[in-house]
Structure formats: C-alpha cells, structure tokens
Amino acid sequence: MLELTGVSSGYGAVPVLHGVDLTITAGEVVTVLGANGAGKTTLARTISGLLPVKEGSIRLDGTDLTRKPLHRRAGRGVILVPEGRRLFGGLTVAQNIELGRIAAKGRQQDADAVGHLLDAFPKVRTLWDRQAGLLSGGEQQMVALARAAAGRPRVLLLDEPSLGLSPLLVDEVFAMVTFMARETGSAVLLIEQIVDGALAVADRGVVMAHGQIVAAGTASELSASPAVRQAYLGGAGLDEAAR
Ligand SMILES: Nc1ncnc2c1ncn2[C@@H]1O[C@H](COP(=O)(O)OP(=O)(O)OP(=O)(O)O)[C@@H](O)[C@H]1O
C-alpha cells in the first residue's frame, strides 16, 4: 500500500502541495481530478521522487520512501509515466520495452511474463520493430505505457495518459489501466482531464485545488456529486469539464 501523510512539496521556495493525505492499495485505481494548476502533476512528481518532500512522509508497504531518491523508489516499483512521451527515440519499440523490463530489477519478470502482459496492448504489438522516435504521438504514448507496465510497477503514476490520443486509443489506455490494477495488482494513480473516463475505471477519486485534496470519495460518489462539479470541475457537467 502507498501511504502519503501530510505531504508538502514545491519548486524551490515556491510551495505547491500542502499537507496531502492519500492512500492507494494494491490493485486499486485512484483518479486525481482538478483544474489546471491544482497540483496534480506536482503530486505525481513528489511521489516518484522527482521533487523532494518538504514535510510529511511517503511509505510503501510500511517502508519509508520519504528521503529515498528517484532511482531507489523506481527500484522498489514506483514508476511515473509523465505527461508527454519519454522514449528512447533511436531504439525500437521492442528495445524500449526490454529496457522497461530490465528496470524491474528485484521484481524482474521473464520475457514470457512480458509477452503475456503485452496481450493487453494490442496496438504496441503491431509496432514492435519500428523505431520509437518515428512513431506518431499517440503510438509513442502507448509504448511509454507498455514500457512502464513491463517494469512491473507496484505503484503506477500516470499523468494524463490519454492526452492527444484518438478515442480508440483512449479506450485502450483505460483498458490498460484496469488491467494493470486487476491483473498485476499495481496501485494506480491516474491523473486525467477526461473526467468521465477516469471515474469509469477508478475505484476512488480525489479532487485537488490549490495543492490540497478538497474532495474525496468513491468514483460513483464523485460522479454524482453536484457540489464537486460545481466547485472543482469548472461548474459544468462532467462531460463539459472533460473538454
Ligand atoms: N517547474 C516549476 N517551477 C515553479 N512552479 C511550478 C513548476 N511546475 C509547476 N509549477 C506550479 O505549481 C502549481 C501546480 O502545477 P501542476 O503542474 O502540479 O498542476 P496540475 O494540476 O498538474 O495542472 P495541469 O492540469 O495544467 O497539468 C502551478 O501553480 C504551477 O505554476
């Protein structure tokens, strides 16, 4: 289980997160919603170790990760897929996936396990021998997700994975999120602008504003809450807020 207690962080002297409490259990999808600038990306960066924790603590299965650097957290299976794609452009898709697998270290999975995993990524299979840097933006996004999955994440941090994808690939992304939680037992933190889609695959959700969690509940509670829509999702219907 991932457990954040009173976590504050920011950029240099600029505070952004203020006392965030959040838990995600293995096999659970928690979506993080909120307006632009609410602190969602900062939260993912702080959990991954890209940003230092100023106050509070981050624990994974009881182990304190608060002061552990990014590579140590990655070694323990905390894997961030940032907004935009960060592939090795000169390598093939297969080589990128292999690097993800090797990164799993102690949680190493054999090639067969990765092969099974890739059944959940039909699009990626069709791109196997292509050079990653020459793929379309949406294709690269799918490969980035598959590479993260090959690293057998205990905690998978997804920052707007559907950004720039066509509707068909968005469906594939959400299917993959469900697969990672249910089949491989990852704890998934899903930052999304497609609110309806995120709430459809999430078990729970939190709404952030000004670096704090201002609402939390099951996905169905958040979907049904007019107060949440009104206050934090732009005062619009969920469909509209997703645009
Ligand atoms: N590198 C940075 N240096 C200083 N301030 C930053 C930096 N990155 C983000 N911020 C500030 O931190 C706050 C939260 O930004 P963050 O990117 O976490 O929001 P977000 O909820 O992910 O927004 P979006 O939905 O637009 O991606 C914003 O006020 C932003 O200006």
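Which residues in α1 are buried? In this predicted model, the buried residues of α1 are K40, T41, T42, L43, A44, R45, T46, I47 and S48. That is nine of the nine residues of the helix, which spans 40-48, so α1 is largely enclosed by the rest of the structure. Just after α1 comes G49, with a positive phi of about 100 degrees.

Next, look at the sheet. It is open and has six strands, in the order β6-β7-β8-β3-β9-β10. The pairing is mixed. As background, strands of a sheet pair through backbone hydrogen bonds, either parallel or antiparallel. The edges are held by β6 (78-81) and β10 (212-218). Each has a single partner strand, so one side of each is left without a neighbour in the sheet. From one strand to the next, the twist averages 20 degrees. Helix α1 packs on this sheet. It touches β3, β6, β7 (155-159), β8 (187-191) and β9. The direction of α1 makes about 150 degrees with that of β7.

Two strand pairs deserve a look. Strands β3 (residues 29-34) and β9 (residues 204-209) run parallel and are joined by five bridges. Here V32 has V206 in β9 as its bridge partner. Strands β6 and β7 also run parallel. Four bridges join them, and I79 stands opposite L156 in β7. Although β6 stands at an edge, both of its faces are covered. V78 and L80 are buried on one side, I79 and V81 on the other.

Now turn to the core. In soluble globular proteins, nonpolar side chains tend to be buried together. The largest nonpolar core here has 65 residues. Within it, L157, V177, V188 and L190 touch the most other members. Helix α6 (residues 137-150) gives this core its largest share, eight residues. Leaving aside residues up to four places away in sequence, L190 touches V29, T31, V32, L158, V177, A198 and A202.

Helix α6 also has a helical partner. Two packed helices are described by the angle between their axes and the distance between the axes. For α3 (residues 93-102) and α6, the angle is about 35 degrees and the axes are 7 Å apart. The crossing is right-handed. From α3 come V93, N96, I97, L99, G100 and R101. They meet V143, A146, R147, A148 and A150 in α6. The residues of this contact divide into seven nonpolar, two polar and two charged.

Conventions
Residues are numbered from 1 along each chain as its sequence is written. This is a predicted model: local features need pLDDT of at least 70, side-chain atom pairs count only at pLDDT 80 or more; totals for chains, interfaces and linings use all residues. A residue is buried if 20 or more other C-beta atoms lie within 10 Å of its own, exposed if 12 or fewer, and partly exposed in between; C-beta atoms are placed from the backbone. A nonpolar core is a set of buried Ala, Val, Leu, Ile, Met, Phe, Trp, Tyr and Cys residues joined through C-beta atoms within 7 Å. Two residues are in contact if their C-beta atoms, placed from the backbone, lie within 7 Å. Two strands pair if DSSP finds at least two bridges between them. Axes are lines fitted to C-alpha atoms, for helices over the stretch in contact, and angles run from 0 to 180 degrees between N-to-C directions. A crossing is left-handed if the near helix is turned anticlockwise from the far one by less than a right angle, and right-handed if clockwise. Ala, Val, Leu, Ile, Met, Phe, Trp, Tyr, Cys and Pro count as nonpolar, Asp, Glu, Lys and Arg as charged, and the others, Gly among them, as polar.
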